[in-house]
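Dear colleague,

Please find below the structure I am handing over to you, with its sequence. My findings follow directly after it.

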Amino acid sequence: MNHPAQRFKLFFSSAFALAVCLCVTAFLTPVALAVERNAAVNKTKTTVEKQKNTAAKAAQRKTGQRKKPATTKVVTGKAFGNSSAVKQLAREIAQKHKLPPAWVQQQIAGARLLPQILQLVLPPSSPQVKNWQAYRARFLTENRIQTGARFWREHTLQLDRAFAQTGVEPRYIVGILGVETFYGQHQGQYKLIDALSTLSLNFPKEHPQAAERQVFFQDELGYFLKQQRAQPAGKPVLGSYAGASGWPQFMPSSIAKFAVDFDGDGRIDLSNSAADAIGSVANYFKAFGWQPGVPTHFAVDVQTVSETDLSALLAPDIVPSWSASHLADKQAVLEDEGKRYSGPLALVQLHNANETPSYVAGTDNFFVITRYNRSSYYALAVIELGLAVEREIKK
Ligand SMILES: [Ca+2]
């Protein structure tokens with residue numbers, strides 16, 4: 001998929017044994033400026049020290065980390081006012097999104113600079129060590145599974161209706177909403193108008209893709225204002241520092257393209273309506289080619305694969321490229337169901353810090369989940385959380 005977004009890298013620090021640092025890389029993901037939950041254990045505590053406190057707190061909010069430090073406070077700077085940059089941006093947004101120029105300018109002029117998020121959007125300053133097992137452990141907690149089970153029971157009708165309309169099985173919707181916001185509990189605390197205006201007007205020039213990123217956020221600000229004009233929220237919309245909001249953490253452009261009014265009240269409200277969130281996640285997956293009933297991945301053993309073949313099989317990364325028989329030719333041993341699978345597969349490698357990596361063979365549906373967030377770690381956490389919740393409710 002080509003539509004713009006950005007991804008972030010998560011990694012742990014030993015000093016924050018349970019906290020997570022959130023750093024932006026210059027990548028694109030679809031829905032939310034989604035956090036790339038490519039987890040990595042940063043045992044040496046060397047990277048992004050200057051971002052650690054705020055980033056860890058942001059990650060805690062986003063992921064439902066239980067061990068919270070003192071209440072985080074959003075640092076708010078001055079209002080942008082009617083500067084020439086604001087006037088120009090307002091003109092551009094008004095024209096592109098067919099909005100009244102004076103109204104757009106008023107909205108942006110009243111927005112406030114959020115200095116702390118300018119740090120958060122910078123890429124990490126040193127490589128990260130990825131660790132699937134640590135990453136998985138953060139999301140597959142008993143608390144999250146039990147909360148997911150309550151959510152599923154409470155919203156069974158909507159989940160079933162979404163499945164009937166889109167073919168997206170409830171477990172994947174439940175997995176997404178659990179990983180994204182702990183079932184609506186951690187939707188973010190930044191005013192979207194402030195966050196998006198800050199990134200539109202003051203995007204840090206030292207970012208390697210600064211110009212492209214700034215244009216991206218200007219477009220997102222336009223979508224956001226268009227939605228506010230059409231359907232005023234009545235109070236400030238809150239979300240992540242990157243502009244994602246609601247239970248499913250959709251960016252404004254994703255709301256425009258994929259969100260649906262699933263409870264039939266005439267409004268799309270991803271912040272307050274679990275039903276709208278359910279329908280919108282299902283609709284998103286359907287739009288990216290979800291195939292009902294197709295598994296997301298198979299177990300695969302690569303111990304007997306030669307190093308050269310392994311490199312070749314890993315080259316396409318998460319893009320399904322190999323037949324089951326091709327994998328067999330290269331001595332990769334699929335589980336039985338995988339051996340019979342007729343679609344293309346991706347050999348997905350997940351690092352476990354210094355331990356042996358994990359591998360799965362991802363199907364087209366695995367790839368669809370990565371359209372939500374371009375990370376195999378993220379996708380597998382969503383899948384495993386959804387399965388764990390499903391097992392819980394079927395007990
Ligand atoms: Ca609604």
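This is a predicted model. I begin with helix α5 (residues 132-139), whose buried residues are Trp132, Tyr135, Arg138 and Phe139. These residues lie on the same side of α5, because they cover an arc of only 125° around the axis.

As to the chain as a whole, the protein chain holds 17 helices and 10 strands. Of its 395 residues, 52% are buried. Among the contacts with a separation of 6 or more, 75% are between residues 24 or more positions apart.

Helix packing

Two packed helices are described by the angle between their axes and the distance between the axes. For helix α2 (residues 84-97) and helix α10 (residues 210-230), the angle is about 60° and the axes are 10 Å apart. The crossing of α2 and α10 is right-handed. On the α2 side, the residues in contact are Leu89, Ile93, Lys96 and His97; they meet Gln218, Leu221, Gly222, Leu225 and Lys226 of α10. By class, the residues of this contact comprise 4 nonpolar, 3 polar and 2 charged.

Sheet

An open sheet of 4 strands runs in the order β8-β7-β10-β9, and its pairing is antiparallel. The edges are taken by β8 (333-334) and β9, each of which has a single partner strand, so one side of each is left without a neighbour in the sheet. The partner of β8 is strand β7 (residues 297-301), and the two pair in the antiparallel sense over 2 bridges. Within this pairing, Val300 has Leu334 in β8 as its bridge partner.

Most residues other than glycine have a negative phi. Two residues with a positive phi deserve a mention here.

Tyr183, which is not a glycine, has a positive phi of about 60°. Tyr183 is located in the loop between α8 (170-181) and β5 (190-191). Is Tyr183 buried or exposed? Tyr183 counts as buried, because it has 22 C-beta neighbours inside 10 Å and the cut-off for a buried residue is 20 or more.

Ala353 likewise is a residue other than glycine with a positive phi, near 50°. Ala353 is placed in the loop between β9 (346-352) and β10 (355-362), two strands of the open sheet described above. With 17 other C-beta atoms within 10 Å, Ala353 is partly exposed.

Yours sincerely

Conventions. Residues are numbered from 1 along each chain as its sequence is written. This is a predicted model: local features need pLDDT of at least 70, side-chain atom pairs count only at pLDDT 80 or more; totals for chains, interfaces and linings use all residues. A residue is buried if 20 or more other C-beta atoms lie within 10 Å of its own, exposed if 12 or fewer, and partly exposed in between; C-beta atoms are placed from the backbone. The arc is that of the directions from the helix axis to the C-beta atoms. Two residues are in contact if their C-beta atoms, placed from the backbone, lie within 7 Å. Axes are lines fitted to C-alpha atoms, for helices over the stretch in contact, and angles run from 0 to 180 degrees between N-to-C directions. A crossing is left-handed if the near helix is turned anticlockwise from the far one by less than a right angle, and right-handed if clockwise. Ala, Val, Leu, Ile, Met, Phe, Trp, Tyr, Cys and Pro count as nonpolar, Asp, Glu, Lys and Arg as charged, and the others, Gly among them, as polar. Two strands pair if DSSP finds at least two bridges between them.
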